[in-house]
Amino acid sequence: MNILVYLEQNQSGLRRSSLEALTAARLLNANKVVGLLINGSAENVTSAGQHGANIVLTVTNDSLANFQNSVVANVVAQAAKHAECTNVFFSANATGKDLAPRVAVLLEAGLLADCVKLELVSGTIQAVRPVYAGKANAKVRCTTQNTVATLRPNVFTAQKVDGGIASSESYSPEIPSVRSATVSNIVRNEGSIDVAEADIVVSGGRGLRGPENFHLIEELAKSLGGAVGASRAVVDAGWRPHREQVGQTGKTVSPNMYVACAISGAVQHLAGMSSSKVIVAINKDKDAPIFKIADYGIVGDVFEVLPKLTLKISEVVGK
Ligand SMILES: Cc1cc2nc3c(=O)[nH]c(=O)nc-3n(C[C@H](O)[C@H](O)[C@H](O)COP(=O)(O)OP(=O)(O)OC[C@H]3O[C@@H](n4cnc5c(N)ncnc54)[C@H](O)[C@@H]3O)c2cc1C
């Protein structure tokens with residue numbers, strides 16, 4: 001079984017979610033783990049090798065500089081055929097969710113979406129994926145020869161392989177004609193941590209009373225080195241941008257620690273964060289549903305608790 005992993009990069013190298021996908025592919029004992037890197041650097045090839053890629057196909061082409069989903073999906077499908085990979089892995093982030101179904105169609109493959117566990121059963125990949133907004137888990141597998149899977153970020157741990165080195169192979173796929181043009185790219189909040197990939201997420205809800213009080217959330221997130229998240233109530237009110245929304249109609253997060261501040265814990269919010277490893281809730285209502293899934297809870301007023309907590313954490317970690 002050969003697995004192709006679509007590699008994503010940012011300013012600091014390969015995205016952690018891509019390293020997680022490489023590790024997951026390696027742990028399935030694939031004969032060959034092939035990374036696909038578009039317009040990437042030699043350092044990123046090295047990093048892919050350290051995390052389990054045997055080969056990295058490097059595609060260098062200016063016409064791929066601006067991400068066009070239909071074009072990139074076509075390139076990924078060609079690369080999978082070229083490398084004889086019957087399985088293709090993506091991260092279940094915005095890019096992966098965009099590309100995976102397109103690639104699945106091109107390869108006539110089944111799609112395993114938002115996987116939180118993968119195993120081999122009789123030589124076939126079997127996945128566990130949350131369903132009904134995280135209320136249950138389904139075990140799924142494809143009956144097709146080819147399989148495309150998206151892996152929920154922060155669930156599979158990225159691990160380095162001792163002495164892992166990938167051979168780099170330059171690959172020149174046919175680039176299909178582009179039917180749309182990118183007019184401009186707007187990069188917002190460059191450098192800030194994406195809530196879906198953060199190790200620690202501190203989220204604020206309607207109990208914060210207004211956008212002017214979100215500095216309390218930002219300060220706690222900063223002291224912990226985490227990202228800021230928000231409930232939909234807050235995003236709908238225009239207090240915070242949609243990219244920070246956690247939940248059924250926002251992002252799904254699985255950080256090591258999720259701190260829910262003045263968030264009631266509606267089922268649609270839980271759908272996006274219940275797979276977090278440790279959940280901390282701060283709410284003045286001791287009966288708030290969020291406490292049902294919290295590992296640690298503080299019954300208190302965020303306006304009193306957050307400044308004290310931030311101060312204490314800053315003292316401990318020295319930020
Ligand atoms: C189809 C659909 C999709 C949805 N998708 C999402 C989604 O993706 N994400 C999402 O979050 N929601 C989603 N929702 C909305 C969801 O149902 C809730 O309305 C929303 O999560 C509530 O946000 P909240 O917890 O911030 O606000 P509230 O429910 O109003 O809760 C505020 C909480 O703050 C506490 N509080 C108030 N003041 C203080 C204080 N001073 N100190 C401490 N605690 C205090 C209160 O006790 C309360 O528990 C969706 C709803 C629908 C119908």
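This report describes helix packing, nonpolar cores and a few single residues in a predicted model.

Residue numbers start from 1 along each chain as its sequence is written. Because the model is predicted, local features need pLDDT of at least 70 and side-chain atom pairs count only at pLDDT 80 or more, while totals for chains, interfaces and linings use all residues. Helices (H or I, at least four residues) and strands (E, at least two) are DSSP runs numbered from the N terminus.

**Helix pairs**

Two helix pairs are set out below. Axes are lines fitted to C-alpha atoms, for helices over the stretch in contact, and angles run from 0 to 180 degrees between N-to-C directions.

| Helix pair | Angle | Axis separation |
|---|---|---|
| Helix 3 (residues 69-82) and helix 4 (residues 94-106) | about 50 degrees | 9 Å |
| Helix 5 (residues 215-224) and helix 9 (residues 302-317) | about 20 degrees | 9 Å |

Angles under 35 degrees count as roughly parallel, over 145 as roughly antiparallel, 65 to 115 as roughly perpendicular and the rest as oblique. Helix 3 is therefore oblique to helix 4, and helix 5 is roughly parallel to helix 9. A crossing is left-handed if the near helix is turned anticlockwise from the far one by less than a right angle, and right-handed if clockwise. Helix 3 passes helix 4 in a right-handed crossing, and helix 5 passes helix 9 in a left-handed one.

Residues are in contact if their C-beta atoms, placed from the backbone, lie within 7 Å. Between helix 3 and helix 4, the contact includes Val-72, Ala-73 and Val-76 of helix 3 and Leu-99, Arg-102 and Val-103 of helix 4. The residues of this contact divide into 7 nonpolar, 3 polar and 2 charged. Here Ala, Val, Leu, Ile, Met, Phe, Trp, Tyr, Cys and Pro count as nonpolar, Asp, Glu, Lys and Arg as charged, and the others, Gly among them, as polar.

Helix 5 contributes Leu-216, Glu-219, Leu-220, Ser-223 and Leu-224 to its contact with helix 9, where the partners include Leu-306, Ile-313 and Val-317. That contact has 9 nonpolar, 3 polar and 1 charged residues.

A residue is buried if 20 or more other C-beta atoms lie within 10 Å of its own, exposed if 12 or fewer, and partly exposed in between. Gly-225 follows helix 5 and has a positive phi, near 70 degrees.

Helix 2 (residues 42-50) has buried residues Asn-44, Val-45, Ser-47, Ala-48, Gly-49 and Gln-50. Among the elements covering them are helix 1 (16-27), strand 4 (32-38) and strand 5 (55-59). Just after helix 2, Gly-52 takes a positive phi of about 120 degrees.

**Cores**

A nonpolar core is a set of buried Ala, Val, Leu, Ile, Met, Phe, Trp, Tyr and Cys residues joined through C-beta atoms within 7 Å. The largest has 56 residues, and Val-5, Leu-36, Val-76, Phe-89 and Val-103 have the most contacts inside it. Helix 3 supplies the largest share of this core, 8 residues. A second, separate core of 39 residues includes Ala-221, Ala-230, Val-246 and Val-259.

**An exposed loop residue**

Gln-11 sits in the loop between strand 2 (9-10) and strand 3 (13-14). Gln-11 is exposed, because 6 other C-beta atoms lie within 10 Å. Its C-alpha atom is separated by 21 Å from that of Gly-52, 41 residues apart along the chain.

Methods. Two residues are in contact if their C-beta atoms, placed from the backbone, lie within 7 Å.
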